[in-house]
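We will walk through it one stop at a time.

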There are 2 protein chains.
Amino acid sequence: MDFVIIGGDAAGMSAASRARRQYPDLTITVLEQSYDVSYSACSMPYNIADPQTPMENLVVRTAAEFVDKHKIDLRTGHKVTAISKDKRQVSGRTADNEPFCTGYDKLLIATGAAPTLPDLPGKKLLMPLKQLEHGRQIKQAIKDRRAKKAAILGMGYIALEMCEALTILGIKVSIIKPSYRFLPWLPEDLAQIVKDELFRNGVDIHLGTAVKSIKAKKDKVYLHCSHMTLDADLALGATGVRPCSELARDAGLALSVSESISADSYLRTSDPNIFAAGDCADAFHVVTDKKVWIPLALRANRAGWAVADNLFAEKTRLQGVAGTAVFKVFDLAVARSGLTLYEARAAGFDPVENRITSLSRAKWQAGAAKIHVNMVGDKKTGRLLGAQMVGTDGVAHRINAVVVALHASMSVADFIQTDLAYAPPFGPTWDPLLTAAIQLEKKL
Amino acid sequence: MDFVIIGGDAAGMSAASRARRQYPDLTITVLEQSYDVSYSACSMPYNIADPQTPMENLVVRTAAEFVDKHKIDLRTGHKVTAISKDKRQVSGRTADNEPFCTGYDKLLIATGAAPTLPDLPGKKLLMPLKQLEHGRQIKQAIKDRRAKKAAILGMGYIALEMCEALTILGIKVSIIKPSYRFLPWLPEDLAQIVKDELFRNGVDIHLGTAVKSIKAKKDKVYLHCSHMTLDADLALGATGVRPCSELARDAGLALSVSESISADSYLRTSDPNIFAAGDCADAFHVVTDKKVWIPLALRANRAGWAVADNLFAEKTRLQGVAGTAVFKVFDLAVARSGLTLYEARAAGFDPVENRITSLSRAKWQAGAAKIHVNMVGDKKTGRLLGAQMVGTDGVAHRINAVVVALHASMSVADFIQTDLAYAPPFGPTWDPLLTAAIQLEKKL
């Protein structure tokens, strides 16, 4: 039996490792176009902020380990260019331009996501941050150019994490975005708190600013915008990602939201012998029960495991994602799970939201800080639909109570009843989440 | 209409305040034997650790505020000594020994809990910590005696919180307990971690040590134990609490677990005109659906509110408690929710437990620390029954994901699927709770 995996990142290597544990006799081949497998992509901004620690530190397992220890035929430098469903084979070229062709019984497409850089003159000067190699390049550029100024296109998680990383290195950062809305999935007053944190740390924010072209001159880059020109030592492109679904599309597999590969709860594509997992594939949303494309690490790992479980029988059914995300930007943590008011409206709910500000600890405690919670509920059913939070203390793990409630389709009224932990060093008697739910319930 | 409340602490004042908002014409009388109402009892150890801040700082609202602003007839220094169900009246004596008698249409018993001090010669020398007055006395004693050594009888939450508070003040602490088991509701290896933290901070732990008598000599107290004598500048009694249910018992109301007052989900006692709420009353446990007596602040507040809602109709049904608790002891946080293995067995489940050690943050992150999770599940049904956690980072709020799962009667398999938040500064890709659940599921 031949199990072939295209892509050696989170989903692909999770599937390979678990398949090896479950089926000792299976032939497992992983085809990876780069030379890096199994590393923590999410940790790259933190590694960049630390010049003493090599990027290699983020490698969890090397390619050699997979080959030698786990008997996985991991072929790096192998770029797959076509899948033939009928012949059950994949073909492509190696980094040395040698053609290759491999047959499979079961195939997993785990090609991940790729940065979407804006199509403008000089776009090659924009450095993305997706693969380990990108991280190395940015780190090297900072060193070689003794960077003091950086421009970042985009204002998503990665862009904001990089604001912090570069500021730690003493680099003055400007972030640029064509639209006027900062963190559009946060209520505006919560987004303003994040903005203030960036200002406070010296980051320049250019909203409503389209970059028209980028030019290099000596060691500098110049970003020509509608009404100004920014100069910087390096320019990062963090304007989002798209699913790498071309192979699947060309093979005639069904695509879904944002051109991601359509996969069912068992990670099966429209072809019975092909699975898709990780950032290239879609998922069900546990609140709407509709397909979404939210590329995140935990889902990729979980989906990889599930593929291994489901290779020969439908064993592991994934419930889906709750749209949970959390990130740190300077002293702030920003978290969300479930739907925003607008997403809830678009999904056919009759939503209301309510915003509260509470304290992260009992008010007499050192370290007590403001915590802002926006909670969304459905008027029709009373159901809890989502929450967004911002604060300097106790935000990241607090969101997980909401996550579990969303998986359980809990009502706001039932959430109010939960016996959340209380001790003065960790929260007020009524946790901010309970206060948020109590106030929201009044509007339902 | 007369609503009379016995006890002006969390449950009583919550009920009074909410009843006032809901029924502007109601006559609300609160009879409180002490002179302190509405203060944060749980914050007393932290206040004691801070000599600069008066104990009065913990008062949320003064008696005068309730009287003037909220038109609540709050009578401090009023000790109720009898309830007559038939005549619908309560009677007692004031601090000046004046008798009083008050009629009611609806009565709330919110008499709280009282410290249980061991019955031994010299027990009057033991200082309890339950009411604000106790806090004042301890604080004063530390100051007056320039305390350098303290002995604490008991090793529960309050005792351990006081270890930290007194150590901060430069006081050497010994804790003493007759039995040999430290934190019996924690698996032994987790309990050992807490013990190590106490040792590390210079606390002497005397397990298996019964105090036979206590004597005072000059400004010192001497605790005569089975095999040694401890001397100290002050001796605290933190050997647990019992529900103040004598009034209810004498009035012929039904009692329940640990002699607490039996209350249904609407907080009604066995008499249709009498409610009971707070530390004097029992509650349903959401996992076992059986009665328990777990006196904690959030439940008291919540139950007080519910009484106000339910005064004239059954509006708010409380689901019950999950047995959640969290406390801090030096750098450690200890948290639990739901059942331990032994509690689960006693409740008729077929439980197994599993212990994992993971990291609180991604391993490359500064501040990543070990986090220990013990999780309990039911073999028969696959249901998640409880968890206990110990660690220096990210313990307190993490437990809340378990709390919500317990309220939702979630299975371990479903918990594994939850889309918990991930970002390197806040956790590994697989949150310790997910790792714990995955490993536990293998045993189910």
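**Before you select anything**

This is a predicted model, in which local features need pLDDT of at least 70, side-chain atom pairs count only at pLDDT 80 or more, and totals for chains, interfaces and linings use all residues. Residues are numbered from 1 along each chain as its sequence is written, chains are lettered from A and ligands numbered from 1 in the order in which they are written, and side-chain values use heavy atoms, with hydrogens and water left out.

**Stop 1: both chains**

Two copies of a chain are related by a rotation about an axis and a shift along it.

**Stop 2: two crossing helices in chain A**

Now select residues 10-22 of chain A, which form helix H1, and residues 297-309 of chain A, which form helix H8. Helices (H or I, at least four residues) and strands (E, at least two) are DSSP runs, numbered from the N terminus. The axes of H1(A) and H8(A) come within 7 Å and cross at roughly 35°. Axes are lines fitted to C-alpha atoms, for helices over the stretch in contact, and angles run from 0 to 180 degrees between N-to-C directions.

The crossing of H1(A) and H8(A) is right-handed: a crossing has that hand if the near helix is turned clockwise from the far one by less than a right angle, and is left-handed if anticlockwise.

Show the side chains where they touch. The residues from H1(A) include A:Ala11, A:Ala15 and A:Arg18, and those from H8(A) include A:Gly304, A:Trp305 and A:Asp309. By class, this contact of H1(A) with H8(A) has 7 nonpolar, 4 polar and 2 charged residues. Ala, Val, Leu, Ile, Met, Phe, Trp, Tyr, Cys and Pro count as nonpolar, Asp, Glu, Lys and Arg as charged, and the others, Gly among them, as polar.

Jump to chain B for its H1 and H8: these helices pack at an angle of about 35°, with their axes 7 Å apart. The crossing of H1(B) and H8(B) is right-handed.

**Stop 3: a sheet of 5 strands in chain A**

Go back to chain A and find the open sheet with the order E21-E22-E25-E24-E23, paired antiparallel. Its edge strands are E21 (325-329) and E23 (351-359) of chain A, each pairing on one side only. Neighbouring strands of this sheet are turned by 10° against each other on average, direction ignored. Two strands pair if DSSP finds at least two bridges between them.

Zoom in on E23(A) and E24 (residues 370-378) of chain A, an antiparallel pair with 9 bridges. Helix H12 (residues 432-443) of chain A packs on the sheet, touching E23, E24 and E25 (384-391) of chain A, and its direction makes about 145° with that of E23(A).

**Stop 4: A:Arg355**

Select A:Arg355, which stands opposite A:Asn374 in E24(A). What does its side chain meet in a salt bridge? The partner of A:Arg355 is A:Asp189, at 2.8 Å, N to O. A:Arg355 lies in strand E23 of chain A and A:Asp189 in helix H6 (residues 188-200) of chain A, so the pair ties together parts that are 166 residues apart in sequence. A salt bridge is a side-chain nitrogen of Lys or Arg within 4 Å of a carboxyl oxygen of Asp or Glu, and the count comes to 52 salt bridges over all chains.

**Stop 5: hairpins in chain B**

Move to chain B and its open antiparallel sheet of 3 strands, in the order E4-E5-E6. The edge strands are E4 (78-84) and E6 (99-103) of chain B, and the twist averages 25° from one strand to the next. Pick B:Val90: its bridge partner in E6(B) is B:Thr102, and B:Ile83 stands opposite B:Val90. The hairpin of E4(B) and E5(B) has 4 residues between the strands, and B:Arg88 takes a positive phi near 50° there.

Finish at strands E13 (residues 211-217) and E14 (residues 220-225) of chain B, which run antiparallel and are joined by 6 bridges. B:Lys217 stands opposite B:Lys220. In this hairpin, with 2 residues between the strands, B:Lys218 takes a positive phi near 50°.

Conventions:
Contact means heavy atoms within 4.5 Å.
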